[in-house]
Amino acid sequence: MKGRVPCFLLLLLVIGGLASPPPRSLFAAPLPGSGGQALEVRADAFGLPLADDPLARQYGKPCVRLEKGDRVRFSIRIETEGDYTVSFDAAAPEEVLFLPPEGQLFVDGALPVEDARRILFPLYYRSATDEFPLNRYGHQIPAPPVRLARWTEVSLRDVNFSRKYPLTIHLTRGEHAVEFVLARETLLLGSIYFRPFSPEPSYSQYLAQTPAPDTSGVQVEVEAEWPSFKNDASIRPLYNRGLDVTPYDTYRLILNTIGGDSWKQSGSALYYEVEVPQDGMYLLTLRVLQDTRPNFTVFRRITINGVVPFDEFHAVPFAYSAGWRNVTLPYRVHLQAGRNVIGLEVTTSPYDTAIANIRESIRIINDLALEIRRLTGNQVDRYREWEIAAYIPDIEERLATIADKLAADKAALQAINNGMNSQEIMNYQMALENIRLLEADPNKIPVRMNRLSEGPQSAAQLLGSVLSALRQQPLTLDKIYVHSPDVTPPQPRIPIGQAFIENIKRLIHSFQQTPYLSIGAARDEIEVWVNRPRQYVDLMQQLADQTFTPRTGIRVKFSLMPNESKLALAIAAGIAPDVALGISTNIPFELALRGALYDLRSFEDFDSFIRIYSPGALLEYIINDSVYAIPETQDFWVTFYRRDILERLGLPVPQTWDEVIAILPELQRYGMNYYTPLSAGSGLKGYLVTAPYIWNFSGELYTPDGLRTGLGSEEAIRGLQFMAEQFTVYGMPLTAVSFYDSFRNGDLPVGISNAETYIKLRIAAPEIEGLWGLALYPATVLPDGRQYRYATGSAQTCVILADTEKPQESWEFLKWWMSTETQTEFSRQLIMNYGPEYLWYTANVEAFRALPIPEEHKDVILKQWGWMRQPVRLPGTYMQERELSNAWNRIVFDGVNPRVAIDSAILTINREMARKMEELGYTHNGVPLREIKVPTIEMVRQWMENAERK
C-alpha cells in the first residue's frame, strides 16, 4: 500500500529459538513507492538457517525455508499508533502442487484479525508448452499446467479475497511481539513489511501524480487463452465455435478463449506479460463475454506490475452481454517501455457487504430455528397456538434486523446492476418477504418453518443460493489489446456472407461420424472403451500417448462407451474391446460367470500389483482363485456431522452405534434425526447399505461351503434385527429425499453418507462452510468388546475381455493405468484443468494420499478404507440381495416378526442358489461337484504377503 509515514518506526528484533542473541535495533529503510519510510524485517534477522537453493538465489536477498509447523518470532517497537498492513516476500517451491502454503500471524500472542488465522500464499502455474497439443483426431486439448516457482509480495488479505483492501492490524505505541507460523506445506520466506495503511489514489489523483505523455500509434494484441501465468490451475482455455472469435477453424475444435465458469472464484487471477515499445500512457481493451448471468455484473481487480495503480481498478465492472464485445476501460495507465505484467483477478469486493450480511443472517436464522425447535419439540400442529415471543423476547427485533439489512443489500445490488432484476435480486426479494411475514406474527413460526429454514423456498436456502451466486463471477476472455489512446481495436464483427458459408460447411461436416464413438483399433493397438465423458477420454489418450506408449511401445486407442450395457451387446456381436474402464461394480461377476472376462490372476505379477488396494475392495470380483476385475475408483461411507449444531446441543460426535442411539432422544427432541443410507428413497436396499449390518455383528452372507445363505446365523439375525430397529424402535427417518439438503437445513445434522455428498458440500454449500466435519462409520460393539465398522466402497472397475488377442499388452496397460504415478498425475491434471469438482476418487490408496483435500478429511477416509469390504458374489446372490431388502421391508413396514421374515427369505434364497449352482455345474441333485471358495479379506492379504516374500 502507498502512504506517508508521519514519523519513523523503530524495530527491535528479538530472535526466537532455543538461544536468543541480544536484540538489535534497526531503523526502517525507505522502500520504493512507499511514500516515505516503511519497515522491512529481513530474513537474516529470523535466527534461522538461510536458504541457498536456486529459488532462494532468485530473490536476491536473504530468505529462509519453512516447513509445516516452523515459526518466526521477532518484536517491533511502534512509535506512532495506527493501522498497518502486513506483507510477505514469499515463494512456494515447485514441489508444492495443489494446496497453497498457509500461515498464521500472531501479535502479542493473539490473532490481530480473525483472517490472520489463514494467510494464503498463492501458487502460480504456467502452460507446459507453447502450443496446444492435438489429440489423435486433430482437435486441440489443454496443455497440462506446471508449477511456476515465483517470488511475489503477498499482502495479508481476507481468506475469501472479497474485500477491497488488504487487512489492517491496529498497533498501539510501544513494543509488540510478532510470530509467524507456517501451518501448511513448504514456503520460502523473505522480508516481512509493515506499512501504515493508505488507500490507493483516485484516478484523477493518479493522473496528476503520473505526468507521462500519451503514446501514439501503438497496439499490442494478446490472445487471452495464453496467459503468461495464473494463480489457479483450474482456469482453463475453452472451445468457442463463434465466427467472431480467433483463432477459428471450421472443422477442428480450437481452444480460443479462456475462463468462463472456470474463472469465477474471488482471488483467481490471470497474468499477461506485455511488451510495449515506448514509455507512456496506454488504454486497455478486453474482448469479453458474460452471457451466463443475465442482468448481473461481474468484477475484476486489475494490477499493473503487481500494483493496483488507482482505486477504480480495484473493481472494474463487466455487465451481461449476449455476444462478444470490446470493453475499453475508461482509464489511461502508465506502462514502462519493455515488459509489463497485467493481472486480472476475480473480485467480489462490491458485493462484500452483502456477502457478510447474508452469512450473518443465515447464522441468526439457524440459531432461531434451533431455539424454536427447543421450545416446540418440533410439534407442527397447525391448530396449536404458541407464544414464541414470550420465550424469545427479541425475536421480532432479530427478524427486523435481518429484513432491514436484506432490504438495504437488495437496493445496493440493484444499483450495481443498473436497476435490473436478476435471479439474485428475486431470491433476495422472496427471502425478504419470508422474513417480513414471520416478523409480523412470530407465534406462527413453528408452522411456518418452511419459510424460515426448511426447504428450498425458505429464507435460509434462498439466501444460501444468493451467497453462492454472489461469490461466483464468471467471465470469458478472447483477446486483450494494449493500445495508444488514438488507436481503436477492431470490433468482433463477421460479414453475413462469410457467416453463411461457414455455417453451411459446418452443417455438412456434422453428418460425419464422431471419431470418439468409432469402434475398432489398428492391428498394433489395444482398444480401450471408457464409460466416462469426453474430457476424461481426451486426458487418458494424452497421458497414454505421452508416457505409456513411449515406455512400452504399446499403442492405445480410447473410445467413448456412452452406455455400459453396450459392452454385453458388443461381446455377443464379437466386437468387444481389449479393455473396458469405468465399469460398474456389479457387472464383472455376471460377465465372468459367462466366460466373457480374462482371469487377471493368471498374470504372474498380479498378487504383487494389488498391494495398492484395500484388500476388501477386491472380494466382489473373485471367483474361486481367479480375479476378473480390479477397482478403478472407490467410494467411501463415513459419518458427516454439523459441528455447529452438535456443539450448541452439547452432543458428541458418535463413534459407535451405541453412541448414536444415546444422542437420538436429544436430536429428536428438537425435530432433528440421524441419517442412514437405508433412508435414501424406497425400493431395493442393496448390498452396499445392508451387508455392513451383517458383517459388523460378526455374521457372514454365506455358509463356509458357499452353497447356502448365511442369514440363518444368530449373528446375521441380530444384524438384520438392529437394521430394522433403527426405524421401528429408535425412530430414524424412513425416507429422506436428499441427505445433502437436509444436512444443509439442519434437519439431519449427523448421518452416514458417501463421496457424492462430500463433493456437494465442498463445492455447493457455502452457507455451512467450515461448520461440518467427517468421522468414521459408527462401530458395532459386540458383547465381548470387539468393534467392527466394515463398510462397502467400490465404485467403478477395470476389466480385460476374454476374447482379446493382446492379453499381456492389455495387462501392461492396466498396470500402468492404475499405478500410483499415473493415477496421481491423472487426478492432478483433472483438477488443474477442470476444477476441484472433478476430484478423482482413485482406488489406488497410495495415489489417494496425494489428493488435494483437507488432511483431516483424508485421514478419516483412509482409516475407513481400512475397513473396506465388498460383498462377495456367488451364483444366485442376486436373490439374496433382493430378499435381504424384502425382509427389512416386511419387518419395518408390515410389522412382521424378524425371525419369520428371515426364515421366509432363507427358503427363497437357498432355493435360487441351488438352482443356479446346478445350472452352472457346481452341483448335481444337491451334491457338490466342484469346490466353491468363498473369498475373504484374509485370503487376499495372504496373496499380497506371499508375493512380497517372493
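This is a predicted model: local features need pLDDT of at least 70, side-chain atom pairs count only at pLDDT 80 or more; totals for chains, interfaces and linings use all residues.
Four strands make up an open sheet, in which the order is E34-E35-E33-E36 and the pairing is mixed. Its edges are formed by strand E34 (674-675) and strand E36 (772-775), each of which pairs on one side only. Between E34 and strand E35 (residues 750-753) the pairing is parallel and extends over 2 bridges, and Tyr674 has Val750 of E35 as its bridge partner.

Two helices lie across strands of this sheet. Helix H19 lies across strand E33 (638-642), E35 and E36, and runs at about 155° to E36, while helix H23 (residues 855-865) lies across E33 and E36 and runs at about 25° to E36.

**The second largest pocket**

Two or more lining residues come from each of strand E32 (630-634), helix H19 (755-764) and strand E39 (794-800).

**The cavities**

The model holds 10 cavities of 30 Å³ or more, and the largest cavity has a volume of about 170 Å³. This largest cavity is lined by 20 residues, and those closest to its centre are Ser127, Ala143, Pro227, Lys230 and Pro237. At least two residues of the lining are supplied by each of strand E9 (124-127), strand E16 (229-230) and helix H21 (820-834), and E9 gives the most, with 3 residues.

**Classes of lining residues**

The table sets out the make-up of the two linings by residue class.

| Lining | Nonpolar | Polar | Charged |
|---|---|---|---|
| Second largest pocket | 7 nonpolar residues | 4 polar residues | 4 charged residues |
| Largest cavity | 13 nonpolar residues | 3 polar residues | 4 charged residues |

The lining of the largest cavity, with 13 nonpolar, 3 polar and 4 charged residues, receives the most from E9.

Conventions
Residues are numbered from 1 along each chain as its sequence is written. Side-chain values use heavy atoms; hydrogens and water are left out. Ala, Val, Leu, Ile, Met, Phe, Trp, Tyr, Cys and Pro count as nonpolar, Asp, Glu, Lys and Arg as charged, and the others, Gly among them, as polar. Two strands pair if DSSP finds at least two bridges between them. Contact means heavy atoms within 4.5 Å. Axes are lines fitted to C-alpha atoms, for helices over the stretch in contact, and angles run from 0 to 180 degrees between N-to-C directions. On a 1 Å grid over the protein atoms alone, a cavity is a set of points where a 1.4 Å probe fits but cannot get out, and a pocket is an open set with protein on both sides within 12 Å along at least five of seven lines; lining residues have an atom within 4 Å of a point. Grid points are joined across faces, edges and corners, and a volume is the space filled by probe spheres set on the points.
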